[in-house]
Each structure stands twice: as structure tokens, then as C-alpha cells.
Amino acid sequence: MTPLRLPRAENRLCHPDRLFPAAETTRAIARRLYDSVAGLPIISPHGHTDPRWYAENEPFPDPAKLFVVPDHYVFRMLYAQGLRMEDLGVPTRDGSPVETDPRAIWRRFAAHYHLFRGTPTRLWLDHAFASLFGFEERLSAANADATYDIVARALAQPAYRPRALFETFGIEAIATTEGALDELNWHAMLKASGWKGRVVTTYRPDAVVDPEFEGFAGNLAKLGAITGEDTATWSGYLEAHRKRRAFFKTYGATASDHGHASARTANLPKADAERLFAKVAAGPVTAEEADLFRGQMLTEMAKMSLDDGLVLQIHPGSRRNHNRAVFERFGRDMGADIPGGTDYVTALKPLLDAVGNEPNLTVILFTLDETAYSRELAPLAGHYPALRLGPPWWFFDSVEGMKRFKEQAIETAGFYNTVGFNDDTRAFPSIPARHDVARRVDCAHLAELVADHRLDEDEAADLAADLAYHLAKKAYRL
Amino acid sequence: MTPLRLPRAENRLCHPDRLFPAAETTRAIARRLYDSVAGLPIISPHGHTDPRWYAENEPFPDPAKLFVVPDHYVFRMLYAQGLRMEDLGVPTRDGSPVETDPRAIWRRFAAHYHLFRGTPTRLWLDHAFASLFGFEERLSAANADATYDIVARALAQPAYRPRALFETFGIEAIATTEGALDELNWHAMLKASGWKGRVVTTYRPDAVVDPEFEGFAGNLAKLGAITGEDTATWSGYLEAHRKRRAFFKTYGATASDHGHASARTANLPKADAERLFAKVAAGPVTAEEADLFRGQMLTEMAKMSLDDGLVLQIHPGSRRNHNRAVFERFGRDMGADIPGGTDYVTALKPLLDAVGNEPNLTVILFTLDETAYSRELAPLAGHYPALRLGPPWWFFDSVEGMKRFKEQAIETAGFYNTVGFNDDTRAFPSIPARHDVARRVDCAHLAELVADHRLDEDEAADLAADLAYHLAKKAYRL
Amino acid sequence: MTPLRLPRAENRLCHPDRLFPAAETTRAIARRLYDSVAGLPIISPHGHTDPRWYAENEPFPDPAKLFVVPDHYVFRMLYAQGLRMEDLGVPTRDGSPVETDPRAIWRRFAAHYHLFRGTPTRLWLDHAFASLFGFEERLSAANADATYDIVARALAQPAYRPRALFETFGIEAIATTEGALDELNWHAMLKASGWKGRVVTTYRPDAVVDPEFEGFAGNLAKLGAITGEDTATWSGYLEAHRKRRAFFKTYGATASDHGHASARTANLPKADAERLFAKVAAGPVTAEEADLFRGQMLTEMAKMSLDDGLVLQIHPGSRRNHNRAVFERFGRDMGADIPGGTDYVTALKPLLDAVGNEPNLTVILFTLDETAYSRELAPLAGHYPALRLGPPWWFFDSVEGMKRFKEQAIETAGFYNTVGFNDDTRAFPSIPARHDVARRVDCAHLAELVADHRLDEDEAADLAADLAYHLAKKAYRL
């Protein structure tokens with residue numbers, strides 16, 4: 001077994017100069033900058049890994065379940081080219097049978113690996129294959145069985161259990177994301193275990209904030225039950241949120257997260273908010289009322305943040321489950337979420353009028369509409385003390401996506417109104433790769449600013465470390 | 001006369017390294033990739049050349065009528081800088097007189113050739129001038145008469161007739177575009193001629209699908225007459241389309257094309273569709289009803305494609321004839337069509353719900369709104385089996401336009417959900433130039449991915465051939 | 001005191017190759033192009049410097065008042081990072097006290113200079129610091145007092161008075177911007193002074209054209225009083241505009257400027273316009289009526305331009321005073337203006353139908369919505385004889401902003417439908433820096449077109465001079 005060579009993998013699959021600029025003088029600057037940050041710990045302040053992994057520390061089951069079955073980046077591309085999701089082992093909602101042989105799934109994946117050319121998925125996979133499993137050649141139909149065996153054998157070893165990988169990856173802190181009603185039992189188990197890895201939760205209250213969420217009425221009742229508050233009243237409902245936020249903080253939470261369809265906010269007079277909540281609690285409400293309520297709750301959450309210090313993250317604009325047939329057969333998060341446009345400038349105004357000038361509040365904005373970078377987000381974050389820009393999200397967590405973000409946002413917002421990198425992933429083995437890509441792209445961009453004399457190299461080195469480590473740590477209060 | 005030196009022209013006007021990256025190592029990779037694809041045949045699966053040219057094989061009349069009078073890229077730029085379209089020989093609708101001396105038109109064109117600096121038109125023209133006519137210097141007022149004479153003399157030679165050029169250009173297959181009511185007489189003549197050049201038609205039914213098209217009622221009647229179907233009924237109307245599609249297939253058609261104002265689709269219950277068609281057939285309808293009908297027909301066409309295998313192309317979003325005065329004096333297609341935004345994600349949902357998961361259907365999407373590349377089109381094509389992305393269209397069939405498309409679409413859609421290049425032109429002598437630009441830009445992009453180690457060079461070579469030839473051939477079933 | 005070394009400053013802060021491409025052959029081309037235009041005079045056809053400076057020619061008061069207090073690019077960034085605007089000396093509307101010690105303000109600015117890394121403000125400041133005051137190192141907390149002293153001592157010298165700087169800067173002509181009701185007293189004083197510097201005014205009638213402008217009714221009355229026209233009638237109101245435009249022309253005006261919320265235009269029948277004006281004059285009007293009236297007036301202004309030759313500039317799409325608290329405490333233009341989207345294609349149609357085909361009219365379009373470059377503005381300007389594209393505006397007057405504009409607009413509009421550079425600033429010492437950045441970015445872009453053989457170098461040299469000097473001079477008729 002090839003030893004682990006993280007965080008900087010150097011072999012035929014992962015060239016040491018990958019993602020650096022082609023011009024030799026610029027590439028040399030990028031190398032120097034990267035070498036100064038490659039070994040920094042990983043801060044992963046927002047993501048979707050499963051706390052159970054760290055709590056139980058069981059082996060990952062097999063190569064297909066680690067790399068193919070749960071990764072919508074992977075199976076969406078294969079599906080787009082005519083493969084059946086059933087043949088990739090993706091479970092159906094009705095339990096109708098799907099492929100269960102992990103080796104068969106791995107072979108299909110390997111035979112179509114060329115489809116990922118030019119995608120970030122390819123970069124992440126190659127990095128994991130090379131650094132964790134010592135692959136020296138590209139995955140292909142020809143080496144499918146051999147590579148399957150290498151990965152399968154490795155996963156059985158103690159060094160590949162979640163906690164060992166966490167330590168090998170150099171993770172200083174990672175945040176998971178849990179719903180407001182979650183008991184945080186895995187986090188409790190983890191805390192009780194005595195393991196020193198820092199895994200914190202994040203408060204994600206969509207299920208009790210969005211009147212259109214499945215089972216909303218029951219969720220409200222459950223929120224009341226677990227907090228001892230009367231969630232049929234506006235004041236009781238808000239108090240219940242305060243209690244849950246405090247509870248999440250006992251498991252390390254430093255942030256809340258909100259994934260609404262739009263970035264709309266509202267700041268109604270108290271009586272109007274009470275009336276709206278009464279309608280929402282009684283149900284049903286119109287789409288407009290539901291949207292207004294979600295918007296009101298963003299502002300309420302920001303106000304609570306002023307008291308308890310949680311950082312507020314807004315991830316708007318995903319049109320979820322666009323493919324009806326796929327949703328009906330396979331459920332949510334199946335690679336069929338498509339971005340939509342957002343109008344942040346109008347949408348955020350009520351929240352900003354209420355709390356935008358608070359220097360102790362941190363609201364981190366994400367978008368799936370890149371046109372907002374230069375037109376909306378950078379001008380907003382370059383002015384309002386409470387606002388910071390999250391890194392390129394989802395489809396845009398990519399080499400070109402990061403370049404566009406830098407080019408379009410930094411001149412107006414500056415570097416210091418951004419918050420470094422988020423990996424935002426549920427794919428645990430991709431975490432070092434994703435941070436590595438971000439660090440390389442940052443260093444490449446900084447090298448270009450040095451090469452054309454927009455920055456001095458000592459400043460670029462400061463910025464490289466800020467972007468790789470310090471900005472995320474500071475913005476997320478980790 | 002300089003001999004033809006296509007497809008790779010090397011002289012003072014056309015440097016062998018044009019459009020390749022500046023950094024020397026990257027340029028060397030680009031050269032190698034380009035040399036491996038420069039000689040591949042041309043697949044031109046979508047365009048607007050006139051089948052009459054190939055059928056009659058008459059000489060092109062004169063330099064002005066070949067390069068200036070019919071090319072809206074050329075005369076729009078001259079018009080924008082104050083030249084009169086009359087002075088460029090553009091015919092008026094009312095027959096009021098315009099310049100008829102081709103040499104005078106050519107002189108005006110030559111004297112203003114600097115206006116095309118930095119445009120793709122300049123690249124295409126220089127390529128044609130150098131490769132077809134041996135020009136060694138830029139067109140200018142000073143050489144207007146000499147160049148006119150060179151071109152005029154050449155056009156009189158057999159080697160410059162349409163079929164000879166077609167063969168010289170290395171065209172393996174070209175598609176023209178004809179309306180649903182077209183008798184395809186030129187195609188019939190061509191078929192009867194025994195010439196081996198492959199020229200296929202494309203089914204473009206706008207005139208019988210768009211209730212706002214000029215003469216729509218008469219067109220419906222004519223559709224009935226030529227198919228023997230009762231086009232006053234929904235079922236007869238659909239059957240008439242099926243018959244025309246079958247007729248077009250006998251002249252090689254592998255695709256239909258649809259140029260609606262928006263990408264809106266609909267999938268009404270049959271009774272609703274019948275009611276809507278009855279209104280449309282009786283006329284007049286509201287703008288909303290017309291739009292809904294066009295949307296319904298896109299879905300109907302997609303369903304017919306499931307049966308007959310025609311590829312469905314959607315070219316939405318052009319705001320036609322924006323300049324009222326120019327339209328009134330000169331008519332359609334006079335350089336005054338301006339792009340509009342599109343919302344593909346919402347617009348396509350009905351069609352995608354109906355047929356988007358069909359792996360045997362191919363729907364090719366184009367746009368004039370580049371913001372859709374990363375936000376809408378790449379996520380859609382990277383998921384739905386039926387969808388593919390057409391190349392950058394019209395104004396974006398340009399060096400920078402192609403770069404943006406690659407940078408914004410490939411990371412999410414991958415290369416294999418795209419369909420290679422379309423020249424989409426009515427300017428016959430520009431076809432080799434357009435494909436050459438596309439091949440060069442593709443190789444330059446791939447060379448950059450190789451230089452920064454995102455791809456291995458053997459993969460890039462595969463992709464260069466796929467983009468230059470195989471993807472178009474496969475997607476269009478040619 | 002270091003002597004002035006403008007316009008090309010070469011020291012540790014300002015590398016002679018700054019903003020040039022990294023690849024050596026391309027950089028060498030950029031150097032040659034830049035050297036051919038670096039010494040050309042400055043044409044500043046649109047901006048907001050204070051004519052009083054040139055008229056009175058008094059010394060600038062102190063370093064903070066020159067570089068920090070009035071510059072919203074500077075204090076917005078500091079404010080976004082938690083500094084109080086009061087501590088930067090920004091005056092409050094109610095007169096409540098703010099910092100008055102310029103040295104204390106300068107120290108705060110210097111201590112946070114790292115926040116400007118990667119911004120155009122940093123480039124402009126370093127250029128001014130190096131070229132005007134001989135700074136050899138970056139501003140910082142450590143050198144705050146020393147640099148303050150250098151600047152303060154310099155400002156007391158005759159060479160740093162406005163007229164001397166104007167001459168040192170090599171300004172051939174500069175335009176200021178004044179409201180329609182302005183008496184132009186400073187311009188009159190300047191004219192009477194015998195100084196040869198060319199300072200012209202620009203007609204900016206927002207206060208008497210926008211029914212939602214503060215004090216609109218009184219403004220109308222004042223317009224009547226100063227012109228002797230009955231501005232309660234449509235014909236009198238229009239005639240009053242004509243007279244003011246003529247008056248502005250006596251102070252050199254060659255252009256008008258219009259800063260509406262949208263680019264909407266209208267061209268109502270005369271009777272409808274009269275009725276609308278009657279409502280507007282009587283007040284109050286609905287938001288829709290106000291918007292329609294502003295749109296009508298853009299067309300009226302364009303028609304007046306046909307008679308008097310003033311160039312019409314449209315600067316739409318700023319959502320002004322987005323931060324309510326900042327507006328209430330500090331007033332307008334305090335760094336809280338945020339861009340909005342625009343739909344030029346629809347918005348301009350009425351104006352274009354009326355006058356868009358006039359080759360003797362010049363309408364210059366600006367935008368804060370970069371998505372319009374390739375989708376709307378370039379196609380419009382590449383067709384309509386009356387249209388020209390202004391340079392990247394405001395947040396986009398930046399290195400990357402200019403690159404995007406070139407890459408997205410030039411292929412469709414060509415270079416000759418653009419108007420060179422505008423500095424658009426009220427920050428007098430930044431003017432040479434801004435023109436220098438524009439010239440460098442232009443030469444870098446042209447060098448890339450030469451390096452990949454899209455242009456010959458002699459053409460690039462022509463274009464470099466056109467972009468640096470001739471296009472602005474010609475388009476603005478200066």
C-alpha cells in the first residue's frame with residue numbers, strides 16, 4: 001500500500017504544478033506562494049459530511065459507496081450521457097431493485113471516466129485516488145478491477161477510518177449541518193468519545209421556517225415539544241428558535257444556514273409579523289405569504305445573531321428537484337437542482353435596513369447567479385459592515401468559477417470582505433482536494449497580480465495565507 | 001492565380017500560429033493538437049447556405065455580391081459608422097435604386113476595412129482572401145482595385161464554382177435550412193444530378209407553427225394542400241407535420257430547427273391543445289395564446305422526434321428587426337436583430353417533464369444570452385439525457401465568445417454534452433475559416449488545460465478530434 | 001521634494017511594466033504600444049471635478065481632504081470593514097461632530113491601506129503618491145506621519161495648485177458637470193481669468209427633468225425665471241431647455257448627461273406629451289408617470305441634439321442611497337449606490353425609432369450591468385449609426401472591468417463604435433493614474449491581439465492612439 005502523501009500529492013495523476021499559470025515567471029511566483037500555504041490546516045466552516053462517521057468511526061463500506069453512489073456530481077454526469085441511475089446503485093424511493101454489486105458500479109464508472117474531462121470532479125477524484133490510494137494512472141475500463149481492489153483493501157485498514165482520515169487531512173475544524181429539530185445525538189456521542197477532532201454543528205432551520213416544507217405543521221409542533229415553548233404564538237416560536245440556537249451552540253455551532261428559493265428578506269412591524277405567523281401556523285398559506293414569512297425569518301435570525309453571535313449564511317436560488325421523474329423515483333438531491341437568478345439588491349434591503357450597519361454581525365452571501373458578483377454582491381459587501389461574500393458555490397466551486405469570482409468581485413469588494421474557502425461537501429475524501437484546488441487557484445491568481453505589479457509578493461503571501469486559513473477562521477469565529 | 005491552399009492557409013494575412021496562446025510551451029501544445037485535426041473533413045450540421053448554389057453550380061456573380069451585399073455582419077458595421085446601406089448595394093423593398101456597380105461597393109468596403117479590426121468577420125475574411133485568392137496584404141483603399149480584379153477573375157474559373165469549392169473546402173456534409181412548405185426543388189435537382197457532395201435539408205416549420213408569422217392562415221391551408229391532411233383539425237395538423245418531416249427526411253434531413261422569440265414550451269392535455277389549435281387556426285389570437293401555441297409545438301416536435309429520430313434544435317431569443325426604419329426600407333435579416341435574455345430553466349420544464357429523460361432524443365439548445373451558460377444551460381445539459389448544448393451562436397461565434405462558452409459551460413456540462421461546432425452561415429466562402437477558427441480556439445483551450453495539468457495531452461488530442469468532427473457527426477446523426 | 005515625473009512614473013511603487021501581460025513576447029509588444037501613447041495629452045470628456053478649483057486656483061487644504069474625506073471609493077471600503085465614517089471626517093447632515101484632525105484621519109487610512117489590495121483605488125493612489133509626491137514605499141501605519149508631512153508640504157507649493165497640476169497632468173480638455181439651473185459662475189470666472197486651460201461644462205438637467213427629484217416644482221419655476229420662458233407649458237419648458245443648452249454651450253459644453261434609474265425612453269405624440277407634462281408640472285405624479293416623463297425627455301434631448309450638436313450621454317441603473325441609515329446621517333454619494341440590471345434593448349427602442357438612424361447624432365451608452373455588454377450594447381452599437389459605447393463605468397473602471405468590456409463588446413461592436421476612456425471622477429489627483437491604467441490595459445489587450453495574430457502591430461499602434469486620445473476627442477467633439 002502506498003503511504004498517504006497528503007496534503008500535497010505528487011505523482012503522474014497529480015502534477016505538482018497543476019493549476020498554475022503557464023508563463024514561467026508567473027508560475028514560479030505561484031509555486032512560492034503555494035508552498036507557503038500548502039501545509040496550513042484545513043478550516044471547513046460549512047459542509048454536509050455526516051457526523052455519524054466521526055462518532056462511530058466505522059470503515060467506509062466499499063469503493064462504489066464512497067465515490068459513486070452518494071455523489072450527485074458523479075451520477076448526474078453519467079445519467080446525462082444515458083446511463084441509468086439504477087445501474088449506478090442509486091436507491092429508489094419505492095425500494096424497487098437497483099444494482100447492488102459495488103464492483104459492477106465501479107466498472108461502469110471507470111469505463112465512463114472520460115466524461116469528467118475538464119470538470120472539477122475529475123480534479124477531486126484524481127487527487128483522492130493519487131494521494132489516498134497511490135494511483136499512478138487515470139481510471140479506465142482497463143484498470144477498473146485493479147483499482148477497485150486497491151481501494152477496497154485500503155478501506156479495511158484503520159488508517160482509512162473517518163477519524164484517521166480527518167487527522168491525515170489536517171482538518172483543524174469542520175462544520176456539519178443539522179436541522180433545527182435534530183437531537184444532535186451523533187454530536188453528543190462524539191463529544192462523549194474524548195476524540196480531539198473538532199466537529200461542530202450548524203443551525204439549519206428550513207424545516208421550521210419554510211411554510212412550504214414537507215410536514216411543516218408537525219415540525220412546528222415538534223419544535224414546541226422539544227423546547228417547551230408555545231410555538232403556536234409568535235413570541236413562543238421565536239423563543240423556541242433562541243433555545244435551539246443555544247442548544248446548537250453547546251455542540252460548537254458558530255453559524256446558522258438558510259437555503260431559501262430567493263434571498264428575499266422582510267422586516268415587518270411586530271403586529272404584522274404576529275398576524276403573518278398566525279396564518280402560517282394555522283396553514284395553508286399562499287405562495288406569497290410563505291415567501292414573505294421566510295423573508296421575515298431571515299431578518300429575525302439576523303437579529304438573534306446580534307445577541308448570540310451566530311454567523312448567518314444565505315444560500316439562495318437553487319430550483320430544487322427540477323426533474324420531476326427523477327424526483328419521483330429517487331427523491332431529493334439527485335443532481336437535478338438547477339440555479340436561478342437572484343436580485344440581492346432588492347431582496348436584502350429590509351434586512352440591511354434593520355441590521356446591515358452592525359459591525360459585529362456577519363452575514364455571508366452565496367449565489368448561484370454569477371451575474372450578481374460584480375453587479376450586486378461586490379458593491380454590497382464593499383459597503384455594508386455586516387456583509388461578507390462566501391466563496392463560489394456548488395457548480396462554481398471550480399477552477400474557472402473561482403477565477404471569475406476573483407476577477408469580478410475583488411476589485412470592488414476587496415479581499416477582506418470575502419471569507420476564504422468553503423468546501424460545502426458531503427464527499428469526505430474530496431475535502432483535501434477541494435481545499436487544494438482553492439489554494440492553487442488563489443495562488444495562481446495572486447501570482448498574476450504580482451507578475452503584473454498590482455501587488456508586491458510579500459502582500460500576496462499574506463493574502464495566500466488569509467485566503468487559505470485565516471479569513472474562514474475569523475469570519476466563522478472558529 | 002495563387003493555388004488554393006485550404007484548409008490551412010499560411011501567408012502574411014494568416015499566420016500559422018494565429019489564435020494560439022502566447023506562452024511558448026502552451027503554444028507548442030496547441031500547435032500539436034491543431035496539426036492533428038486541421039485536415040479533418042468539415043461537418044456543417046446547421047446553416048443557411050442556398051441549396052440552389054449546389055444544384056445549379058453557377059459561378060458566384062462578383063466580389064461585392066459574394067462578400068458584401070448579402071453579409072449582414074459586414075454591412076451592419078459599415079452602417080453603424082455612417083455608410084448608407086444603399087451605397088453598399090443592399091436592395092430596397094420598394095425597389096428604389098441602390099448602388100449597382102460592384103467595384104464601387106468593393107471600394108467602399110475596402111476603404112473601411114479597419115472598422116473590422118478585432119471582429120470575427122475580419123478573421124473570416126482574411127482567411128478567405130488568403131486561402132482562396134492568395135492575398136498577401138490587408139484589404140485597403142490602396143489595393144481595392146487590384147484585389148477586386150483578383151477575386152473577379154477567380155470567380156470566373158471552374159475551381160470557384162460552388163461544387164468545386166465544396167470539395168476544396170473538404171466538406172463531408174452540410175445542412176441547409178428550409179421552411180416546412182418548401183418543395184425542396186433545389187434538393188431534388190441536386191439529388192438528380194448525381195453529384196456526390198452531401199447536402200441535406202433541415203425542417204424549419206416556423207411559418208406554420210408561429211401564429212404571428214406573416215401569412216400564417218394561408219400557410220396552414222397550404223400545409224393541408226401539400227400533405228392532403230385537414231389542417232383545420234389538430235390531428236390533421238399534427239399528421240401534416242409528420243408527413244412533411246418524412247418528406248424532408250427523404251432529402252437527408254436529420255434535424256428540425258425552431259427560432260422562437262423565447263424558449264417557452266408547453267405540454268397541454270390533448271383537449272386543451274385541440275381547443276388552442278382551433279383558436280389559432282381560426283385566428284386572430286392574443287400574444288399569449290400565440291406564445292403558448294409555439295411552446296406546445298416545441299413539445300409536439302420533440303415527441304415526433306422520438307418516432308422519426310430528427311434532432312430538435314432550439315434557437316431562441318433574437319429580437320428580430322429591432323430597427324423599424326431599416327426593416328421598412330430593407331426588410332428582414334438586415335443586421336438589426338438584437339439578443340434578448342432567456343430563462344431556459346422555467347421555459348423548458350414542460351418539454352423536459354414530457355421527454356427530457358429520453359436517452360434516444362437529442363434536443364440541442366442555443367442561446368443569445370451568455371449569462372445562461374453557467375447558470376442554466378450547463379446544469380441542465382449536465383443532467384438531462386435528452387439535452388445537448390449547441391456551440392456559441394451568432395454574435396458569440398467568435399474567439400472570445402467561444403472562450404467564454406468553454407470556461408462557463410464545460411466544468412458543469414463536460415465536453416460530451418456539447419455538439420462540436422456549427423457555422424450557421426449563409427456566407428459560403430467563410431465556412432472553412434469559421435471551422436478553422438473553432439478548431440484553433442478549441443486547441444488553444446485544450447492546450448491550456450494540458451499546460452496546467454487538468455488534462456493529459458493524449459486526452460486533449462481525443463477531445464480536439466471530437467470537437468472538430470465526431471461530436472457534430474454523432475449528435476446530428478450525420 | 002521629488003520632481004514631478006508624470007505621466008509615466010517609474011519607482012518602487014509603480015513598476016514600468018505594471019498591468020502588462022506576463023508572457024515575455026506579449027509584454028514586449030505592450031511596452032512598445034504603451035510607449036507610443038504614454039505621452040499623449042489627456043482628454044477627459046466626462047467627470048465631476050469642481051470648476052471652482054480651476055477658477056480660484058487655491059491650494060488643496062490637506063492630505064486627508066485631498067485623498068480620503070471626499071472619495072467614496074476610499075471610505076466605503078473602510079466603512080465595510082468596521083471603521084466609522086465620522087472617524088474619517090465625513091461630514092454629517094445634521095452637523096454632529098466628526099473627526100477634524102486631518103493627520104488622525106490619514107493615520108487611520110494608512111493603517112488600513114492593505115484593505116485596498118487588488119482594487120483600482122490602490123493603483124490610482126500608488127500612482128499619485130509615487131508620481132506627485134515621490135513615495136518609494138507602500139503607505140502603512142509605520143510611514144503615516146512621514147507621508148502626511150510630505151504631502152502636506154507639497155500641497156503648500158505653487159506647483160500643486162489646481163491649474164499647475166492641470167498643466168503637469170497634460171490635460172488638453174476636461175469637462176465638468178453642472179445642473180441645468182447652475183449659473184456657471186465658476187466657469188465664467190475661469191473664462192474671464194485668461195488662463196488657457198480648457199475646462200468645459202456639461203448640461204445635466206436631472207433636477208428639472210425628473211419629477212421625483214427633490215424640489216422639482218421649485219426647480220421648474222426657477223428654470224422659467226432664468227430663461228424667461230413659461231415652464232408651466234410644454235412648449236415653454238422645451239424652449240427653456242433649448243436656451244439653457246445654448247447657454248451651456250457658451251461655456252464650452254459639447255454634451256449633456258442623464259442619470260436616470262433606468263434607460264427607458266419614450267416618444268409620445270405631441271398631445272400626449274403635453275398632457276403628461278401638465279400633470280408633471282402640477283404634481284404629484286405616479287411613479288409610472290414620472291418614469292414615462294423621464295423617458296420622454298431623453299428623446300426630447302436627443303431631438304435637441306440634432307439641432308445643437310450636443311452629445312447625449314446616458315448613465316442609467318444606479319440604485320442610489322441604498323443604505324437608509326447612511327443616507328439619513330451623511331446624505332448622497334456616500335458609497336452606498338448599488339448597480340441594477342438594465343434592459344437597454346426594450347428601453348431604448350422609442351428613442352432609436354425616432355433618431356437612431358441619424359449619423360450626425362451621438363448617443364453614448366453606459367451601464368452598471370455588465371451582462372448587457374455582449375447581449376445588448378455591442379449589438380445595438382454595432383448597428384445603429386447614432387449609438388456609441390461609453391467605457392466601463394464606476395465599479396467597472398478597473399483592470400478586470402476593462403478587460404471584460406474589451407472581450408465582450410469589441411468583437412461585435414468593433415473598436416470604432418466605442419469612445420475611448422472617461423475618468424468620470426471628482427478625485428482630481430487620480431486623473432493621470434486613471435488614464436494611465438486605461439492606456440496600459442488597452443495596450444495589454446492590443447498586445448494580446450497582436451501576439452495571437454488577430455491584428456498587425458501597426459494597426460494596434462493606430463488603435464492604441466485612437467483609444468487613448470482620438471476616439472474621445474472625436475466622439476465628444478472636443
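A polar contact is a pair of N or O atoms within 3.5 Å; within protein, one must be able to donate a hydrogen and the other to accept it, and residues adjacent in sequence count only if both atoms are side-chain atoms. The model is predicted: local features need pLDDT of at least 70, side-chain atom pairs count only at pLDDT 80 or more, and totals for chains, interfaces and linings use all residues. Residues are numbered from 1 along each chain as its sequence is written, chains are lettered from A and ligands numbered from 1 in the order in which they are written, and side-chain values use heavy atoms, without hydrogens and water.

Q: How many residue pairs are in polar contact between chain C and chain A?
A: Chain C brings 48 residues to the contact (heavy atoms within 4.5 Å) and chain A brings 43. With both residues at pLDDT 80 or more, the pairs in polar contact number 32.

Q: Which residue of chain A meets Asp369(C) in a salt bridge?
A: A salt bridge requires a side-chain nitrogen of Lys or Arg within 4 Å of a carboxyl oxygen of Asp or Glu. Ten are found across the interface of chain C and chain A. For Asp369(C), at 3.1 Å from N to O, the partner is Arg375(A).
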